[in-house]
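I opened this entry to record what I looked up, one item at a time. The structure comes before my notes.

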Amino acid sequence: MANPMKSQVEIQLGNKSYKARLTVDAIIQIEEAVGCGIIKLATKMSEADIRMIDIIHVLTPAIRGGGKNIQADDVKKIVGDVGIVAAAQAVAELLTKSLSVEDKEEIAGKKKE
């Protein structure tokens, strides 16, 4: 089970779930690989402007950040098995949950009513 206090997110890829976490290193790797900032990537994704390689570049370091030693080729196989739509949904969920300030405040018990 993912630990939201550590900003871990449980993502579903096919019939398997993975813990994922956007650590600082993971974000740096993603930004360098996709050529834009993580917020811009999330915005592009909301506009359906994401490439398959971007999905791989997000999932690989994020799953590593969740504690699993996984390689890009492993992620490519997983994405190939589950399909682009399911993989894109997992990335969208990861980015939304990881970048949402409101969720983190709620978890920490600081949400204002």
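**Helix α5 and its surroundings**

I listed the buried residues of α5 and got Ala87, Ala88, Ala90, Val91, Leu94, Leu95 and Ser98. Looking down the axis of α5, I found these buried residues within an arc of 155 degrees, so they line one face of the helix. The model is predicted.

I then looked at the face of α5 turned away from its buried side, where the exposed residues are Val85, Gln89 and Thr96.

Next I checked the length of α5. The helix covers residues 84-99, 16 residues in all. From first C-alpha to last it reaches 22 Å, close to the 22 Å expected at 1.5 Å a residue.

**Serine 46**

I looked up serine 46 and placed it in helix α2, residues 38-46. Is serine 46 buried or exposed? Its relative accessibility is 62%; exposed means over 50%, so serine 46 counts as exposed.

I also took a C-alpha distance from serine 46 to alanine 92: the two atoms are separated by 7.9 Å. Along the chain these residues are 46 residues apart.

**Whole protein**

I noted 6 helices and 2 strands. Read from the N terminus, the order is β-β-α-α-α-α-α-α.

For burial, I have 34% of the 113 residues counted as buried. The protein exposes about 6800 Å², and carbon and sulfur atoms supply 51% of that area.

Residues 24 or more positions apart account for 56% of them.

Terms used. Residues numbered from 1 in each chain as written. Predicted model: local features only at pLDDT ≥ 70, side-chain atom pairs only at ≥ 80, totals over all residues. Heavy atoms only, no water. Helix = DSSP H or I, 4+ residues; strand = E, 2+ residues; numbered from the N terminus. Buried < 20%, exposed > 50% of the residue type's maximum accessible area, 1.4 Å probe, protein only. Contact = heavy atoms within 4.5 Å. Areas by Shrake-Rupley, 256 points an atom, 1.4 Å probe, with all protein chains shown as cover. Expected span 1.5 Å × (residues − 1). Arc of directions from axis to C-beta.
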